[in-house]
Amino acid sequence: MSAEAERTAYTRPSEWEDTDAWYLTARDVMYRFWVADRLIRIQFLTPVCDAAHAHFLDLNRAVWEGLPDGESVRDYLEGNRSAFLDTARAAMG
């Protein structure tokens, strides 16, 4: 789910309308990602939940608000993505 949301952030146009194909896809992807974020909160302890939510918030910002000119989506997402994956891996043993 995270990867799908990330692809949506990468393809974000500078301008869009709520009837555009990108928006309709982004809306569906982000709805599913929101649900996944909440399911993680139910299933895992706080460190994993917090790391997942921080990653969700980064992706949510990148998709809906975009990033300042010159800021890389990859670089912006890397820190909290890596933290989430590392924390989840540690929790799963």
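This is a predicted model: local features need pLDDT of at least 70, side-chain atom pairs count only at pLDDT 80 or more; totals for chains, interfaces and linings use all residues.
Trainee: Which residue forms a salt bridge with arginine 32?
Mentor: The partner of arginine 32 is glutamate 4, and their closest N and O atoms are 2.7 Å apart. This pair links distant parts of the chain, since arginine 32 belongs to helix 2 (residues 21–43) and glutamate 4 to helix 1 (residues 2–10), 28 residues apart.

Trainee: Is arginine 32 buried, exposed or in between?
Mentor: Arginine 32 is partly exposed, with a relative accessible area of 36%. Glutamate 4 is also partly exposed, at 26%.

Trainee: What does arginine 81 contact, leaving aside neighbours within four places in sequence?
Mentor: With those neighbours left aside, arginine 81 is in contact with Glu6, His55 and Arg74. The side chain of arginine 81 also makes a polar contact with the side chain of glutamate 78, at 2.4 Å.

Trainee: Which residue pairs with aspartate 86 in a salt bridge?
Mentor: Aspartate 86 forms a salt bridge with arginine 89, and the closest N and O atoms are 3.0 Å apart. These two residues both lie in helix 4, 3 residues apart, about one turn of the helix. Aspartate 86 is partly exposed, with a relative accessible area of 43%, whereas arginine 89 is exposed, at 53%.

Trainee: Which residues do salt bridges with shared partners join into one network?
Mentor: That network consists of Glu6, Glu78 and Arg81.

Trainee: New topic: what span should helix 3 have, and how far apart are its end C-alpha atoms?
Mentor: Helix 3 (residues 46–64) has 19 residues, and at 1.5 Å a residue it should span 27 Å. The end C-alpha atoms are 26 Å apart, which agrees.

Trainee: Which helices do the buried residues of helix 3 pack against?
Mentor: They pack against helix 1, helix 2 and helix 4. Among the buried residues of helix 3 are Val48, His55, Phe56, Asp58 and Leu59.

Trainee: What follows helix 3?
Mentor: Glycine 66 follows helix 3, and the phi of this glycine is positive, near 75°.

Trainee: On to the rings: how many aromatic pairs are there?
Mentor: The count comes to 6 aromatic pairs. One of them is formed by tryptophan 16 and tyrosine 23, which are stacked at 5.4 Å centre to centre with 15° between the planes.

Trainee: Are those two buried or exposed?
Mentor: Tryptophan 16 counts as partly exposed, at 27% relative accessibility, while tyrosine 23 is buried, with a relative accessible area of 17%.

Trainee: Which residues do ring pairs link into a cluster?
Mentor: The cluster contains Trp16, Trp22, Tyr23 and Trp64.

Trainee: And what sits over the ring of phenylalanine 56?
Mentor: The charged end of arginine 38 sits over that ring, 5.9 Å from the centre of the ring.

Note on methods:
Residues are numbered from 1 along each chain as its sequence is written. Side-chain values use heavy atoms; hydrogens and water are left out. A salt bridge is a side-chain nitrogen of Lys or Arg within 4 Å of a carboxyl oxygen of Asp or Glu. Helices (H or I, at least four residues) and strands (E, at least two) are DSSP runs, numbered from the N terminus. Buried means under 20% relative accessible area, exposed over 50%, partly exposed in between (1.4 Å probe, protein chains only). The expected span of a helix is 1.5 Å times one less than its number of residues. Contact means heavy atoms within 4.5 Å. A polar contact is a pair of N or O atoms within 3.5 Å; within protein, one must be able to donate a hydrogen and the other to accept it, and residues adjacent in sequence count only if both atoms are side-chain atoms. Rings of Phe, Tyr and Trp (its six-membered ring) pair if their centres lie within 6.5 Å; planes under 30 degrees apart count as stacked, over 60 as edge-to-face and the rest as tilted. A charge sits over a ring if NZ of Lys or CZ of Arg is within 6 Å of the ring centre and within 35 degrees of the ring normal.
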